[in-house]
Amino acid sequence: MNYRHIYHAGNFADVFKHIVLVMVLDHLRQKDKPFFVLDTHAGIGLYDLESEEAQKTGEAQAGIGMVYERTDAPPEAKQYVDIVRHANGKGRKAPRFYPGSPAIVKSMLRRNDRFTAGELHPDDFKTLKKSLGADMRIRIEKTDGYGLLKSQLPPPERRGLVLVDPPFEATDEFDRMLKGLREAYKRWPTGIYILWYPVKDTAPVADFHRVLSGEGIPKIIAAEFSLSPQGFTEKLNGCGMIIVNPPWMLREHLEAIGPWLAGAISESARCTIKEIAGEL
Ligand SMILES: C[S@@+](CC[C@H](N)C(=O)[O-])C[C@H]1O[C@@H](n2cnc3c(N)ncnc32)[C@H](O)[C@@H]1O
C-alpha cells in the first residue's frame, strides 16, 4: 500500500468526484427519511495543502485552486465550493485545507443519517479517526473496503449512497470493482453507487463499460472528465465515475456544470456524460 492521497488531494479528479458526491448527497437530503452512506476507501478526511507532500506535486493548485475563488459557479457546484471554503474559514484567497470524501459526507449528514467509512492504511485510518472525531452517526473501520460491501449492505435505512474510490495500485482494480458491484447490487439493488476510476489508457475503460452494460443493471451512467483529448498517458489525464441508479436530474445537473468546470480547470478540458445502461 504505497498510495497516499495527500499527494493528490484537491486535484481536478477530486474536484469532479466531490462535486458529484455533493450533488448526490443533496438529493438524499431532499427527503426527511434518514439515509446511509458507505465510503469504502475513505482516505484521511482533511488534507493540509501546505504539507510537503501536497506541495511536491502542486496538483491542488491546478484543481481546487482554479475554482476556489470563482464567483460564477452554477448552484450545483457552488454548494461544493462552499463546503471547501467552510473548511478553510473566512478570508483565504487560496485554500489551505481540502476536505476529502468523509469530511464532505460528515458536513452533509443530518441528525439521524448514518455513515460508515473504510480505510485500510493503518496511519491513514488513525488520522481519519482523529479528523472525524467522536460522532454517534459515524463508524470508521480499518478493513478492506470491498468487504464492507458485504458486511454493511443492505442498510436498514434502505436509501443511500455507496462510494467506491480505490487507489488503483492493483492491476486488477477494474475487476475487483466489478465483482464488488455485483455483490453489492445483489444485496441492495436500489442503492446509489459511485465508482471512481482513472482514465490513462482508454482501452481498459472501454472494456469496463462494456462489461457493465451487460450486467443487467438497468440504470448506469458514466461521467468523465479529461484534461486534454489524448490517448494513452503516464500521468493522470482524466477520470470517470460510474453512477448506478443516478438520482433524478443528476445527468442534467452534470451537463449544466460540465462546461463551467472544464473551462475553469483548463482550455482543453472536457466533461462528458455517457449512458452505459438503460433509458435515462
Ligand atoms: C483515492 S484514496 C481515497 C480518497 C477519498 N475517497 C476522497 O475522495 O477523499 C484511496 C484510499 O484507499 C485506501 N485503501 C487502499 N486499499 C484499500 C482497501 N483495500 N480498503 C480500504 N481502503 C484502502 C488508501 O490508503 C487511500 O487512503
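## Ligand shell

The shell around the ligand comprises five nonpolar, ten polar and six charged residues (Ala, Val, Leu, Ile, Met, Phe, Trp, Tyr, Cys and Pro count as nonpolar, Asp, Glu, Lys and Arg as charged, and the others, Gly among them, as polar). In total, 21 residues surround the ligand, and His18, Glu119, Asp144, Gly145 and Asp165 are the closest; a residue is near the ligand if one of its heavy atoms lies within 4 Å of it.

The model is predicted: local features need pLDDT of at least 70, side-chain atom pairs count only at pLDDT 80 or more, and totals for chains, interfaces and linings use all residues. Residues are numbered from 1 along each chain as its sequence is written, and side-chain values use heavy atoms, with hydrogens and water left out.

## Polar contacts and cover

Glu119 places a polar side-chain atom 2.6 Å from a ligand oxygen atom. An N or O atom in the side chain of Asp165 is 2.8 Å from a nitrogen atom of the ligand, and a polar backbone atom of His41 lies 2.9 Å from a ligand nitrogen atom. Of the 600 Å² of accessible area that the ligand has on its own, the protein covers 95% (Shrake-Rupley method, 1.4 Å probe).

## Cavity lining

The lining of the largest cavity includes Tyr146, Leu149, Val164 and Met177. By class, this lining has eight nonpolar residues, one polar and no charged. Helix H7 (145–151), helix H8 (173–187) and strand E7 (192–199) each give two or more residues to the lining, and H8 gives the most, with four. Helices (H or I, at least four residues) and strands (E, at least two) are DSSP runs, numbered from the N terminus. A cavity is a set of points, on a 1 Å grid over the protein atoms alone, where a 1.4 Å probe fits but cannot get out; lining residues have an atom within 4 Å of a point.

Note on methods
Polar contact = N/O pair within 3.5 Å; in protein donor to acceptor, adjacent residues only side chain to side chain. 1 Å grid on protein atoms, 1.4 Å probe; cavity = no way out; pocket = protein on both sides within 12 Å on 5 of 7 lines; lining within 4 Å.
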